[in-house]
Amino acid sequence: AAMAARCRLAARFHHIHGANIRLDASHMQATRVESFANGLCFSQEPLAPGQIFLVEIEEKELGWCGHLRVGLTAHDPQSLEVVPEYSLPDLVNMGDTWVFAITRNHNRVVVEGEEAQARGRPWEPFLLIERVRIPRDTLVGRSRPSRYSHILDDLYKMNVLPATARRSRIGVLYAPQPDGTADMHIVINGEDMGPSARGLPTTRPLYAVIDVFASTKSVRVIPVDYGFPSLQTLCRLVIQKHIVHRLAIDGLDLPPLLKSYCQHE
């Protein structure tokens, strides 16, 4: 119960953030209101080992080059005299920070001398990273309900859309290693991109870093429940399996809240 409460608390943005960021009342949506920089955000609490901080891209802004930047930092946001303008290079140059730019292609990082890890089958119910097991259904982006949402949903599940597309879900976590350090992993629409940084300290609290940069304008934190899928999730999976696309859910004899859950989340 304590772990669950901590995870819920961390699944929000810190009140310390970049000058151009505006948070909603829940501190779960971050929007850059002007320019292309000063969009730095942090998790409200340090992450637990294996806990993913997951965001969904809600809005894009044309005219800028570059996309979302994601990573971890050992700096407590509360201790920053001034929030840096950029995560790359400003925050990284402060040390003890590991941030990567999300590109239109997948950010798969292969260490020299190692082979790329198998991607895993997109229909497997859990994503396995080291000893961490995360329900894949939450990690995968979903389009808005529309005439073609069933096609787009399949593309998100197969992770063939650009990583920077609207509705893509991007997360970061760290996995402890036997030598006492940790590896940082970035997850895009349910696919582990592999270790993008190694040797992170596990003796210091690590906060998620989300830089709402350039063409990414707004993101929302997606809470992740660990363990077995909830009954609500299982109902949604069964309903989705027997319909052509999500618009058909409107015609089902179901409670309105369940219809909305099946269509939007």
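Start with S43: at 0% relative accessibility, this serine counts as buried. S43 belongs to the loop that runs between strand 3 (40-42) and strand 4 (53-60). What does the side chain of S43 reach at 2.8 Å? That would be the backbone oxygen of E45. A polar atom of the S43 side chain also lies 3.0 Å from the backbone nitrogen of A208. Keep in mind that this is a predicted model.

**Salt bridges**

On to the charges: the structure holds 7 salt bridges.

| Pair | N to O distance |
|---|---|
| E61 and R32 | 2.9 Å |
| E56 and R167 | 2.8 Å |
| R204 and D96 | 2.5 Å |

Take the bridge between E61 and R32. E61 sits in the loop between strand 4 and strand 5, while R32 is in strand 2 (residues 29-32), so this pair ties together parts that are 29 residues apart in sequence. How exposed or buried are the two ends? E61 counts as partly exposed at 25% relative accessibility, but R32, at 0%, counts as buried.

Next up is E56 with R167. Here strand 4 supplies E56, and R167 comes from the loop between helix 4 (149-158) and strand 9 (169-176), so the parts being tied together are 111 residues apart in sequence. Both E56 and R167 are buried.

R204 and D96 make the remaining bridge in the table. Which parts of the chain does this pair tie together? R204 is in the loop between strand 11 (191-201) and strand 12, and D96 is in the loop between helix 2 and strand 6 (97-101), so the link joins parts 108 residues apart in sequence. R204 is partly exposed, with a relative accessible area of 33%, and D96 is partly exposed too, with 34%.

**Rings**

How many aromatic pairs turn up in a search of the whole structure? There are 5. One of the ring pairs is F13 with F53: the centres are 5.9 Å apart and the planes sit at 65°, so the pair is edge-to-face. This pair links distant parts of the chain, with F13 in the loop between helix 1 (2-10) and strand 1 (21-23) and F53 in strand 4, 40 residues apart. F13 and F53 are both buried.

Y86 and F213 form another edge-to-face pair, at 6.2 Å centre to centre with 75° between the planes. Again distant parts of the chain are linked: Y86 is in the loop between strand 5 (69-73) and helix 2 (87-93), F213 is in the loop between strand 12 (207-211) and strand 13 (216-221), and the two are 127 residues apart. Y86 is buried, as is F213. Ring pairs also gather F36, W64, Y86 and F213 into a cluster.

Elsewhere, the charged end of R133 sits over the ring of F126, 4.0 Å from its centre.

**A nonpolar patch**

Finally, the surface: L231, L234 and L237 make a nonpolar patch of about 290 Å². L234 is found in helix 5 (residues 231-241), and L234 is partly exposed, with a relative accessible area of 40%.

Definitions and conventions
Residues are numbered from 1 along each chain as its sequence is written. This is a predicted model: local features need pLDDT of at least 70, side-chain atom pairs count only at pLDDT 80 or more; totals for chains, interfaces and linings use all residues. Side-chain values use heavy atoms; hydrogens and water are left out. Helices (H or I, at least four residues) and strands (E, at least two) are DSSP runs, numbered from the N terminus. Buried means under 20% relative accessible area, exposed over 50%, partly exposed in between (1.4 Å probe, protein chains only). A polar contact is a pair of N or O atoms within 3.5 Å; within protein, one must be able to donate a hydrogen and the other to accept it, and residues adjacent in sequence count only if both atoms are side-chain atoms. Rings of Phe, Tyr and Trp (its six-membered ring) pair if their centres lie within 6.5 Å; planes under 30 degrees apart count as stacked, over 60 as edge-to-face and the rest as tilted. A charge sits over a ring if NZ of Lys or CZ of Arg is within 6 Å of the ring centre and within 35 degrees of the ring normal. Patches are made of residues with over 30% relative accessible area and no salt bridge: like charges are joined within 9 Å, nonpolar side chains (Val, Leu, Ile, Met, Phe, Trp, Tyr) within 5 Å. Accessible areas come from the Shrake-Rupley method with a 1.4 Å probe; for residues, only the protein chains shown count as cover. A salt bridge is a side-chain nitrogen of Lys or Arg within 4 Å of a carboxyl oxygen of Asp or Glu.
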